[in-house]
Amino acid sequence: MLNNRLIKQKKFGDLVSKKQSYYIQNDLIFIFFLFVCVSLLSIYNAQQLEQYGGENFVLKQIIWFTIGVCIVAAIQFLDLDQLYKASIYIYGFGLLILAILLVSPESIAREINGAKSWFTFPGLSLQPAEFTKMATILFLAATIDKHKTKYGMQSLKTDTLLLVKLLIIIALPVLLIMGQPDFGTAMVYLFIAGMIIILSGIDWKIIMTLILAGALFVTAALGFIIKFPDLAQQMGVEAYQIDRIMTWFDPSQQSSDATFHFDRAYMALGSGQLFGKGMDNLQVSFPEAHTDFIFAVVGESFGFIGSALVIFLYFLLLYKLVTLGLSVYKHSPFGSYLCFGFLSILLIHIFQNIGMSLGIMPITGIPLLLISYGGSSVLSTMIGFGIIYRVAVEHTIHNDYLFK
């Protein structure tokens with residue numbers, strides 16, 4: 001009797017241990033740890049610049065990452081089926097806070113750099129558009145999965161219907177964000193939608209028509225702003241947005257004030273040379289060094305080698321998302337779309353942020369996710385990371401039961 005009880009207890013202990021092991025995704029944990037190290041080292045170097053007056057952004061970033069890890073842990077109590085069912089409510093809540101932001105008084109939602117994008121409370125600022133990104137991806141993924149389940153046979157009619165659904169879902173937050181106005185963040189949403197639409201299985205004839213129409217619209221809009229800047233401003237385009245586009249298009253024709261950010265970022269990146277200047281040795285001062293232009297700090301501190309390693313680290317994370325998304329598609333299309341949605345967020349932020357530091361993209365307030373300082377960007381990214389972590393956990397569980 002005693003022996004049987006001990007055997008049962010041992011089997012139960014093994015089972016508990018086995019279940020606990022599902023939640024240890026070593027590759028994701030290791031990649032995240034490396035990003036935290038890069039972020040803290042870069043922010044530490046940035047805050048040494050005289051313009052910050054010795055403010056301790058590193059400690060604040062540690063706090064944001066700690067809260068983020070707690071969020072990731074909390075998300076593991078939810079399975080993908082629960083997220084699927086709740087996606088419409090999460091999306092609706094995201095739209096609600098964006099709408100509330102627009103009608104909020106200056107006391108809690110004041111304009112910063114010409115845009116009403118933040119809730120500002122004593123000691124705390126939050127950007128709702130950052131949190132609504134993942135909410136929108138959840139609902140987009142659930143909509144595609146539900147549509148494909150309902151319409152087993154694919155046709156031009158069903159594909160067009162799906163496209164209309166996805167465009168409506170993305171149009172609502174974009175319109176609210178443009179009302180702030182925040183053109184850069186709106187472009188991030190459109191890029192996310194484009195990626196998910198391309199991967200949704202919609203007929204390529206429809207997608208190519210949409211891509212061509214979008215490319216023509218963007219080209220025409222940029223051409224109009226560059227050719228007729230005064231008229232564009234009268235039509236509602238902000239003066240600072242026109243300046244950024246003009247600076248990006250032809251910096252040689254702009255004043256030194258207009259190209260100041262580009263010039264300083266170039267100087268910082270170039271002065272780092274091959275191996276960088278190391279810690280506590282920055283010499284080039286420029287605005288938003290700890291947030292928007294953190295990559296310039298990486299370049300000056302750790303040189304070309306350090307910058308290349310940071311880009312390679314992003315490649316590892318993107319590669320993990322691609323392989324995970326492809327692996328889970330057969331048993332969880334919803335989880336697969338979540339992976340590629342989060343990948344699209346990372347991809348546009350990486351390309352835009354590093355691109356504007358190199359002068360190949362216009363300057364926007366888009367941070368370098370997982371490295372730049374910021375509460376909203378860190379917490380929203382950790383929400384996405386937590387959802388992807390849950391996808392990886394359920395994939396591990398599925399494979400374990402599949403091969404038993």
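Leu-370 sits in the loop between helix 13 and helix 14 (375–402), where helices (H or I, at least four residues) and strands (E, at least two) are DSSP runs numbered from the N terminus. The phi of Leu-370 is near 75°, a positive value in a residue other than glycine. Most residues other than glycine have a negative phi, and most peptide bonds are trans. At 7% relative accessibility, Leu-370 counts as buried; buried means under 20% relative accessible area, exposed over 50% and partly exposed in between, with a 1.4 Å probe and protein chains only.

The model is predicted, so local features need pLDDT of at least 70 and side-chain atom pairs count only at pLDDT 80 or more, while totals for chains, interfaces and linings use all residues. Residues are numbered from 1 along each chain as its sequence is written, and side-chain values use heavy atoms, with hydrogens and water left out.

**Overall make-up**
- The protein chain has 14 helices and two strands.
- Of the 404 residues in the protein chain, 47% are buried.
- Among contacts in the protein chain with a separation of 6 or more, 69% come from residues 24 or more positions apart; contact means heavy atoms within 4.5 Å.

**Other loop residues**
- Gln-180 and Pro-181 are joined by a cis peptide bond, with omega about -10°.
- Pro-181 is placed in the loop between helix 6 (156–178) and helix 7 (183–199).
- Asp-292 lies in the loop between helix 11 (260–271) and helix 12 (294–328), and it counts as buried at 16% relative accessibility.
- Leaving aside neighbours within four places in sequence, Asp-292 is in contact with Asn-353, Met-356, Thr-364, Gly-365 and Ile-366.

**Packing of helix 2 and helix 3**
- Helix 2 (residues 26–46) and helix 3 (residues 57–75) pack at an angle of about 160°, with their axes 9 Å apart. Axes are lines fitted to C-alpha atoms, for helices over the stretch in contact, and angles run from 0 to 180 degrees between N-to-C directions.
- Helix 2 and helix 3 are therefore roughly antiparallel to each other; angles under 35 degrees count as roughly parallel, over 145 as roughly antiparallel, 65 to 115 as roughly perpendicular and the rest as oblique.
- Helix 2 contributes Phe-32, Val-36, Ser-39, Leu-40, Ile-43 and Tyr-44 to the contact, and helix 3 contributes Phe-57, Val-58, Gln-61, Ile-62, Phe-65 and Val-69.

**Gly-68**
- Gly-68 is in helix 3 and is buried, with a relative accessible area of 0%.
- Apart from neighbours within four places in sequence, Gly-68 is in contact with Leu-379 and Met-382.
- The C-alpha atoms of Gly-68 and Ser-380 are separated by 8.4 Å, and these residues are 312 residues apart along the chain.

**Aromatic rings**
- The structure holds 10 aromatic pairs. Rings of Phe, Tyr and Trp (its six-membered ring) pair if their centres lie within 6.5 Å; planes under 30 degrees apart count as stacked, over 60 as edge-to-face and the rest as tilted.
- Tyr-84 and Phe-334 form an edge-to-face pair, 5.3 Å centre to centre with 90° between the planes.
- Tyr-84 lies in helix 4 (residues 80–103) and Phe-334 in helix 13 (residues 333–358), so this pair ties together parts that are 250 residues apart in sequence.
- Phe-334 is buried, with a relative accessible area of 4%.
- Phe-32, Phe-65, Phe-385 and Tyr-389 are linked into a cluster by ring pairs.
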